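Dear colleague,

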Amino acid sequence: MDKSSHKFLSQLPAPESPPGLEDRIIARVRLASLRGLYARLAFSIAGCTAGIVYLAIESGHILMAIQQSAAFNILPLAYTDPDIVFGNLQDTLLGLGESIPFGAIALGAGLLFSTICAVEFAVALFHAKHRPATLITV
Amino acid sequence: MKKHMSEFIKSKAVMWVLICLAGIVVLAGVFQLGVSIGERKSRHFNRWFENYGRNFGPPGIMGRDWRRDMMNAPQPFGRPMLPGGYGVFGKILSADGNRIVIQGQDNVEQSVLITTSTAIRIGNYEAKIGDLKADQNVSVFGRPNDQGQIEAKLIRIMDSRAK
């Protein structure tokens, strides 16, 4: 290293971070993570609420669709009369396809998914608030 | 050049394009399946509707006005509940020769045709056409025909007291 470079480098401030910079970065990360968790929790709760409200309004119709579905009658026949049910597999599959209450199943799956997500995010938020260090991995 | 191609094929963009294409193919397949099943169901309902008088007599004769019932029927998820053509499960309203009329769980009558290949069973035993009587609960599995009927492949009598 020549003299001029040495002189130049000696004039620079010491290579230390300003006081409190690390804390400020961690606080920013924590805030961003908390906001993300709150947003996800809000979306999950909104989905869950929407599903429950729809279920409450349409519960009678949905229950009726399930009760009237022939799929739940075809399935036991597969156990009692497998020779005929599996011997006519195409008809069995078409019968199941036309009678399975897909709407009710989709609603149930959506409701279950959003509930699981809401619980998951609520737990993550709880941990994040009580153990800030976990936020780095959230 | 070969190395370039190999890297291109392994790139994330190509992978995502392939995933998207596979997703589109799966969605299109499921959509087509839904359309096909819906079309079959509608066709059976149309034939059931057109042959109602021949299969069941004039509307109202069996104690119900099916037109009014269909109009007033609740429609879960905004879709009308059409009677299925591959099975009916309910009570026998009438048994006449090789044809029985069943009131399904949806309260819609279905005409079931018994052919020589129809298996009629109760418990572990084979039954005869004569064992089918009004007010019995039965499970019918079959295939829709051009007359809006169900050609039965299996009729299982559910009433244990029937035999």
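Helix H3 of chain A passes helix H5 of chain A in a left-handed crossing. Please note that the model is a predicted one.

The first topic is this pair of helices. H3(A) spans residues 71–80 and H5(A) spans residues 89–99; their axes come within 9 Å and cross at roughly 150 degrees. Because of this angle, H3(A) is roughly antiparallel to H5(A), the cut-off for that term being over 145 degrees. On the side of H3(A), the contact is made by A:Ala71, A:Ile74 and A:Leu75, and on the side of H5(A) by A:Thr92, A:Gly95, A:Leu96 and A:Ser99. Sorted by class, the residues of this contact are four nonpolar, three polar and no charged.

The second topic is the aromatic rings. Over all chains, the count comes to three aromatic pairs. In one of them, the ring centres of B:Phe45 and B:Trp48 are 5.7 Å apart and the planes are at 25 degrees, so this pair is stacked. Both residues belong to helix H2 of chain B (residues 12–50), where they lie three residues apart, about one turn of the helix. B:Phe45 counts as buried because its relative accessibility is 18%, and B:Trp48, at 0%, counts as buried too. B:Trp48 also pairs with B:Tyr52: the centres of these rings are 5.3 Å apart and the planes are at 80 degrees, so the pair is edge-to-face. B:Tyr52 is buried, as is B:Trp48. Ring pairs link B:Phe45, B:Trp48, B:Phe49 and B:Tyr52 into a cluster.

Notes
Residues numbered from 1 in each chain as written. Chains lettered and ligands numbered in written order. Predicted model: local features only at pLDDT ≥ 70, side-chain atom pairs only at ≥ 80, totals over all residues. Heavy atoms only, no water. Axes fitted to C-alpha atoms, helices over the stretch in contact; angles between N-to-C directions. Helix = DSSP H or I, 4+ residues; strand = E, 2+ residues; numbered from the N terminus. Parallel < 35°, antiparallel > 145°, perpendicular 65-115°, else oblique. Left-handed = near helix turned anticlockwise from the far one by under 90°. Contact = heavy atoms within 4.5 Å. Nonpolar A, V, L, I, M, F, W, Y, C, P; charged D, E, K, R; others polar. Phe/Tyr/Trp six-rings, centres within 6.5 Å; stacked < 30°, edge-to-face > 60°. Buried < 20%, exposed > 50% of the residue type's maximum accessible area, 1.4 Å probe, protein only.
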